[in-house]
Structure formats: structure tokens, C-alpha cells
Amino acid sequence: MSIATLKKLTLIGEMNEKSAIMEQFQAFGLAHLITLSEQTIDQATDATICLREALSYLISAPYKRRRQIPSESIELSEVIDRVIKNKHAREDVIDEIELITARQKELSVWGDFEFPPLDELNQYRVWLYLVPLSKEALLKKVELPWKIINKDHKSIYLVVIAVDEPDEGQVPFPRAHIGPNSLSCLAKLKNDALVRLEDLNAERQSLTRWIMPLTLSLNDTINAHELKLAEQLVWNSGDFFVLQSWLPDESRSAFEAWAQGLPVAFQLDAPAANELPPTLLKNDSIMGGGEEAVSFFQLPGYRSWDPSIVIFFSFSLFFSMIMADAGYALILGGILLICWRKLSGSETTVRIRNLWLALVVAAFGYGMLVGSYFGITPPDGTLLSRLHVININDFSSMMKLSIGAGVLHLVIANSMVAWGRRDSLVALSSVGWVLSIIGAFALWLSYMRVTDLDVAGTFSVKVVIAGILLILLFSGERKLDSVKNSCLQLFDGFTALYSLSKAFGDVLSYMRLFALGLSSASLAVTFNDLAVEARDSVSAGGFILFALIIVLGHGLNFVLGVMSGVIHGLRLNLLEFYNWGVKGEGYPFKAFKKRGE
């Protein structure tokens, strides 16, 4: 739940041991390499292209053989070649089948026939024409022998007999080209193609027994390619090479144990003030779902703070306020239960699963507080009615709750920024934002209670003024060693005050929590009322209408609630909160390590 502390590792070794040491360093797999060499990195053609293509083709096969290491003594290059040939042949057959199917559809309106030999018709030929239905009257002007063999709502299908192709004066219609094959011939060609496709599918299924060897080969090939690139990042100096990397401080003892007995010398230093190490977030799998959102949107800088845990809880809260129904939360929980095993694989899927579970728990708890179960409010005197303590139709209270959530969110963001800059006076500007937001919120609450409030005499105004002064005086980072810098520092403060309107707008953005939650609850009640009215107003089939409205209405409302909760819940975290709470952007920590280990 923090950003890992990194040390800068400088390692020196002999050139004749470079390849061996680099390979062992890759096996160590806990460091992020730093580019030292000024030479252009040779991004040679990736040797894994064909291997990746073959492996992807086999993995996507609908039917596979069991995972195994085949006993056949065949070179993997030959297996890859067979897989690629199968893929290309299968694509060609599928294209051929689609072409034949399209030709059959075009030819079906003409019927199943074959063109007779020329000697049987005394050198006469059969010419086919598409006649627009609106031009049927022009057929009377055609003097050549003709016959209508089919007609639909749009066209007339005309056959004309002539030795040479008639010109536009003889037959003023567009000619149809249907090819030499009849429907019977096309059916036979299609059947032959389907047989070839079955054979290719069977061969593909047989080749899937090579998935495991190809996967292992892919890892080895990628490892060799990345090792070759990594060797170009180090600095070569005569008989020695120098490697630098970022190493997590918690991995220091593991590195020292690894380096024992190797012909290397190393030094570990803290990052310099002008250096920007990569960002390595450290979160457990229970509440690591927030890290997935942070990593997807924007990593914080190394000297910033990790907002993952705040986003985990605030996203769960905002989602629950938007869904605002315990019944819908149960449906979401049922879907999670069905997908539980599928989400138990990698660390990422486990984190997403745990975040999903947090959303379900928060949505169910908030749904009980607002007393909504598929739009039904529990009757008075029951246990569930005692838990109903939030009236979602009380606009004044819900506005206070929503704006209060926004104020708390932005206060946390600015407080964390102030803590991160605690060694500098600039932190006081973030304290100023905290005071200004809290003071303005308290002033608004006072005004909501007392209409003739003496604004100037309230303590809240004094807090707001104190916050504005802190923003004005400490937003700049200049050294106050001259009158010019002092004036520029004051100018920076005035510039920062332009964000007061932004703070006001961002806080009001949290009103969407109330608006979306109210719309979700109102729609649920509306669908219930419509279903009851339909049941009571229709004597025969009323229950069927009742069931359809309940299922379709609540199904639609559930989907809209989930979409709104995810989209707007993430938006409030990754836009409003992030803009105030995370200063600077980092880049990810990528360990130089072997794949498949």
C-alpha cells in the first residue's frame, strides 16, 4: 500500500564474464535496468514472430489435445512450419467456402442449370439479363428469342438466345454474369471444401499437443532476445563492464546473497535528488484492486504517494451510492460467485475479484441503509426497516451526503500531497486548500440551517481566508532571496487561486452520486408500479405482463446501475481526485527477469 523504496545498484564485472553474469542477473529477476550505453540498441527482427503466430493459432483452437510433452523426435521448427501451413490452408478453404456460398445465393434465383454445348444449339448462346421491374414494358421491343425464368419484387430474370452478345439496342438491360458452374456443381465443390476443412481441423487438433513445448520454447526465445538487448544497455570500458539498475530496498539481502561468490563488485546508493526512479507499487491481493486502476490510468511519480487503497475504498463507496439497491447487489454477488473460480488464476484476476467483492459488500450495505430491495421498501416494524436510516428522497440530506463525500475525497487528496511535501514550505499551499474546502463546506452547511446567516462573522469564513492566504503565499517554489523572486512568488499564488473555481466545480461533480442513485431507485419503483398496474388491468395474461416488466425493467435498470457505478465511480477517482492528489507522473518498474520461472 505504498511505493517501494529503491536503491541504485552499480555493478562492475570483467568483460570475459559479461555474458554469464548477465544471464545470472536475468535469473535473479528483481532489478530494473538503467541504460548506460550510448550505442543504438539493435532492435533486430523478433525471432518469435512465427512461433507466436503458431502458438496463438493452436491456443485458439476450439478442441485441444491434453497438455503433454510429445515423445516424437521432431524439430520444433518443423512443427511451427506445419502449424503455419495448416493455418494458411485453413484460411484459404474458409474463404473458398464463403465464396461458394455467396455464389450459390446469387445463382439460386436463376435455377439449377448448365449451359449446353454450342453444337447442340447450332452455335447459339444463352445470355442472361437482370431487368428492373419498372422496365418490364421494354420487353416488348426485344425481337430476339427470350423467356422470363423468374421474377421477384425487384427484378425480372430474363434469358435471351443469340449467336453473338446483343448490343444495347437489341436488349437494353444490364447483363448478368453467373459463371460456368451450376448450383449442383457448386454444391459438390462446397462439399469437397468442407471435407478439406474437416481434415485441416483434425490436423489442427492433433497439433495442439505441441502447445506446451512451443510455450516453453517461446519463453526461452524471449529470454534470449531480452538478454541480448540488455547486454547492449551496459557500459563497456576496456576489460570491464558497468551495469546499473534500480533495486527494491527489500530485495537488498537477496541480492547480496546472489552476488556472493561471483566475480563482481557492486555499490548501492539512494536515488539522487535529480534522478527519477521507476514506480513500484506494493499492495497485497486483498485491497490491490485499486492498484490495477491506478496502473491503468496513471502511475504516480516515485516521490509521490500510492493512492491505491484510497481508490479501493472510495470506488466501492461511490459505486454503492450510485447503485443504491441491496437486491441489485445480491445479483452482482451471484454473478461473482459463478465467476469466482475463473478469477482465481493470476494475481491481477484475484485483485479484480476482491475489488468486485468489495463493491458487492458496499452496495449491499448501502442498499440496506437506503431501504431499497428491488425498489421495495421494507414495512415498518421489521428488522430491515430498522436498518433503513437514509431517506434517498430527502433531497437536502442527500445533497449534503454527496457533497460531503466530495469534500472528504478532495481533503484526503490535498492532505496526502501536503504530507509528501512536508519537507518544503510548498506543503502549506496544500494545507491551504484543505482549509479552504473544509471552511467553504462548513459555511454552506451553516447557510442551509440559517437563512439569515451573518457570513462575515462566522468562524468558517476565517478558515477560508486563512486557507486562501496559505495558497497565495506558498504555492510557488522560488527562493525568496530577492524582491523579484518575492513578486514572482506572489504571482504564482495569484495564479494558483484560479483553481478556486475548479475546486468548486469538482466538489459539485460529486452531486452525480445523488442524482444517479436517485434515478436508479426511482426507476426500480417505477417498474414495480407498472408491473402491478399491468397485472391488475389485464384479466387474461396479466401475470405474464407483470413478470415481463419486472424481469426486463429491473434487468435494464441493473445494467444501467452497474455501468453508471463503474464509469462515474472511476471518473470521480481518476479525474477529480487524481487532479488534486497525485502530482507528477511516473513510469513502471519492469524487472529484468526470465519468463516462465
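In helix H7, select Gly289, Gly290, Glu291, Ala293 and Val294, which are its buried residues (buried is under 20% relative accessible area, exposed over 50% and partly exposed in between, with a 1.4 Å probe and protein chains only; helices are DSSP runs of H or I with at least four residues, strands are E runs with at least two, and both are numbered from the N terminus). The model is predicted, with local features needing pLDDT of at least 70 and side-chain atom pairs pLDDT 80 or more, while totals for chains, interfaces and linings use all residues. Residues are numbered from 1 along each chain as its sequence is written, and side-chain values use heavy atoms, without hydrogens and water.

Next, display E10, helix H8 (308-323), H10 and helix H18 (542-581), against which the buried residues of H7 pack (contact means heavy atoms within 4.5 Å).

Then turn to the largest pocket, where Leu280, Leu281, Glu291, Glu347 and Phe589 lie nearest the centre among 21 lining residues. Strand E10 (281-282), helix H7 (289-297) and helix H10 (347-370) each give two or more residues to this lining. A pocket here is an open set of points on a 1 Å grid over the protein atoms alone, where a 1.4 Å probe fits, with protein on both sides within 12 Å along at least five of seven lines; lining residues have an atom within 4 Å of a point.

Move on to helix H17 (residues 511-537), whose 27 residues reach 39 Å from first C-alpha to last. Its buried residues, including Leu513, Phe514 and Phe527, pack against H8, helix H9 (326-339), helix H12 (395-420) and H18.

Note on methods
The expected span of a helix is 1.5 Å times one less than its number of residues.
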